[in-house]
Amino acid sequence: MNFSYLTDPAHWDPSNPGSIPNLILSHLGYTALALLIGAVIALPVGLYIGHTGKGSFIAINAGNAGRSLPTLGLLMLMVTLLGLGLLPVLIALTVLVIPPILTSAYAGMRNLDHRVVDAARGMGMRPWQVLTRVELPMALPIMLSGFRNAALQVVATATVAAAVGLGGLGRLLIDGLAVNDYSRVLAGAIVVAALAVLVDLFLALIQRLIVSPGLKGS
Amino acid sequence: MITFEDVVKVYPGGATAVDHLSLELPTGKITVLVGPSGCGKTTSLRMINRMVDPTSGRILIDGRDVTQQDAAQLRRGIGYVIQHAGLFPHRTVLDNVATVPVLLGKTRREARTAALGLLERVGLTADFAKRYPAQLGGGQQQRVGVARALAADPPIMLMDEPFSAVDPVVRAQLHAEFLRLQQDLGKTIAMVTHDIDEAIKLGDHVAVLRTGGRLAQFATPRELLAAPADDFVASFVGRDRGLRSLSFDSAAELPVRPVDGIELDDAGRPVGLPGVFTKDDSLRVVTDLVISSPGGVAVRVGPDGAADGLVSHHDLADYLASRRS
Ligand SMILES: Nc1ncnc2c1ncn2[C@@H]1O[C@H](COP(=O)(O)OP(=O)(O)O)[C@@H](O)[C@H]1O
Ligand SMILES: [Mg+2]
């Protein structure tokens, strides 16, 4: 076991389709797509449940169900049903990100200071204005922490794409194991871990930029 | 004028919060709703701006039934201040104050400029404008809450226990500023408190509610102290109501005796006395001076500060007795 695969410049050459930069790009592609689709589905549902209090059991159980579902197993099931391709991978990864996004959107709305929301209504904001100008900005810190959680999980798990013939950093793990090239496996593990840290830092930066300074430390 | 016409509010679940309330809150005056916790004060207040709709009866503002008006539109024309200020934590102080003008279509710039002036009015310097609510003390937050409610210059203000979350020293300060502000602005104010002293101090009129949401008495503070309608009001007003009622009586008519035995300086001003009173003070001030001064006398001074009369224990007692007959 050594770092030779990681440090070999040939493996960093972007013109080579199997090189690490290209694998990172496709890995990030799966990650971003899964997060996007997951957010489009889970955010409205979580916000609605948190806002109305209707169907709270869904939000609470989603968290537990999500944690216990094996992504690889789900992926294999999807491949059996749908055949190979991007779709089964996206479904499996989306199912992974939905619970943390949904649960945190729910929690963000549930934890709002009702006196502030009441004041907003009392000043003459309409329901849509209360939601967009008061509730969402106040719920943002909790919602974003759930999103960061989801992003971390999906960056680590998107390696499964390689198990069904797609790209991403899982290639280094799968191919490395197949040919007993442990230096390549190690490179894959290191790059995935580094990417997870970078993605989290990036999202932390976004959080700094879009969360009001007035909500810091609360 | 805000009129309650036989208003009843029964919450789902059966609690009668307000029971056949009829009341008139005069324009340009402070009317305080006071009573023990759970007697329906907040509910009554919130029916004015339609945060709660009555089960039966009507609430009219200048003759117009509030339930016939668009709720959001109605609320933008009514200032609303609540106990913990309810400031938006994600907005700066300035943007909090600018909220309603922006809702009414002012540009953010115009609204902010106006908001800056309002901060000054409620006793906050421009340094506070860029801060966030979490960076303010309780009293400061409450001032911002008042400024925010005043921002669109609404003719009516609803205030739900606006001063009860701050310590007594700050509260007294806020009371004084509030009364000064109201003197300038002359808003129609409905205020809720559970503190009878606050009600008597601030109210032009006081509505005492009893548990179950029924009106026990509607009167001026002075009438309330002098003639409580029943035992409930009497006990709620407190045992020292006689003394407190003196704060509504002027000392102008109080007879004085010639100044004698008091050390005076060259200008005729008393030397070394803790307190003196003028014709503008209340009988309560005089009573307090008589009780607390070492010699048992209070010294009256003229506009120039020169002593022009003395009042002793006996003089005061005789005067109070003579008023009774
Ligand atoms: N939203 C509500 N739903 C049901 N009951 C309520 C609600 N709000 C207040 N009540 C009840 O109505 C009564 C009056 O409440 P409230 O108007 O808040 O009194 P106060 O402000 O005088 O303390 C209380 O018994 C309270 O429990
Ligand atoms: Mg109340």
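Predicted model: local features only at pLDDT ≥ 70, side-chain atom pairs only at ≥ 80, totals over all residues.
Me: What makes R46(B) and D118(A) a salt bridge?
Reply: Start with the distance: their side chains come to 2.7 Å, N to O. The rule asks for a side-chain nitrogen of Lys or Arg within 4 Å of a carboxyl oxygen of Asp or Glu, so an Arg and an Asp at that distance qualify. Across the interface of chain A and chain B, the rule finds 2 salt bridges.

Me: Which elements of chain A give two or more residues to the side that touches chain B?
Reply: Those are helix 6 (114-122) and helix 7 (127-157) of chain A. Helix 6 gives the largest share, 7 residues. By type, the residues on that side of chain A split into 10 nonpolar, 5 polar and 5 charged.

Me: How do you know that chain A and chain B are in contact, and how many residues take part?
Reply: The cut-off for contact is heavy atoms within 4.5 Å. On that count, 20 residues of chain A are in contact with 24 residues of chain B. The two chains bury about 2,000 Å² between them, with 60% of it on carbon and sulfur atoms. There are also 8 residue pairs in polar contact between chain A and chain B, both partners at pLDDT 80 or more.

Me: What makes T43(B) a polar contact of ligand 1?
Reply: A polar side-chain atom of T43(B) lies 2.5 Å from an oxygen atom of the ligand. The limit for a pair of N or O atoms is 3.5 Å, so this pair passes.

Me: And what about the backbone of C39(B) and of G40(B)?
Reply: For C39(B), a polar backbone atom is 3.2 Å from an oxygen atom of ligand 1. For G40(B), a backbone N or O atom lies 3.1 Å from an oxygen atom of ligand 1. Both values fall within 3.5 Å, so both count as polar contacts. The residues around ligand 1 also include Y11(B), A17(B), S37(B) and K41(B).

Me: Where does the "transmembrane region" label come from?
Reply: From UniProt, in an unreviewed entry, which places it at residues 28-50, 71-102, 150-174 and 186-210 of chain A. In the model, residues 28-50 are 100% helix and 0% strand, with the end C-alpha atoms 30 Å apart. Residues 71-102 of chain A are 91% helix and 0% strand, and their end C-alpha atoms are 18 Å apart.

Me: Which domain does UniProt list for chain B, and what is the chain like there?
Reply: The unreviewed entry lists "domain: ABC transporter" at residues 2-237 of chain B. Over that stretch chain B is 38% helix and 25% strand. For chain A, the annotation "domain: ABC transmembrane type-1", also from an unreviewed entry, covers residues 24-203, where the chain is 83% helix and 0% strand.

Notes:
Residues numbered from 1 in each chain as written. Chains lettered and ligands numbered in written order. Heavy atoms only, no water. Buried area = accessible area lost by both parts, 1.4 Å probe. Polar contact = N/O pair within 3.5 Å; in protein donor to acceptor, adjacent residues only side chain to side chain. Helix = DSSP H or I, 4+ residues; strand = E, 2+ residues; numbered from the N terminus. Nonpolar A, V, L, I, M, F, W, Y, C, P; charged D, E, K, R; others polar. UniProt positions renumbered as here; feature names shortened; annotations may be inferred. Near = heavy atom within 4 Å.
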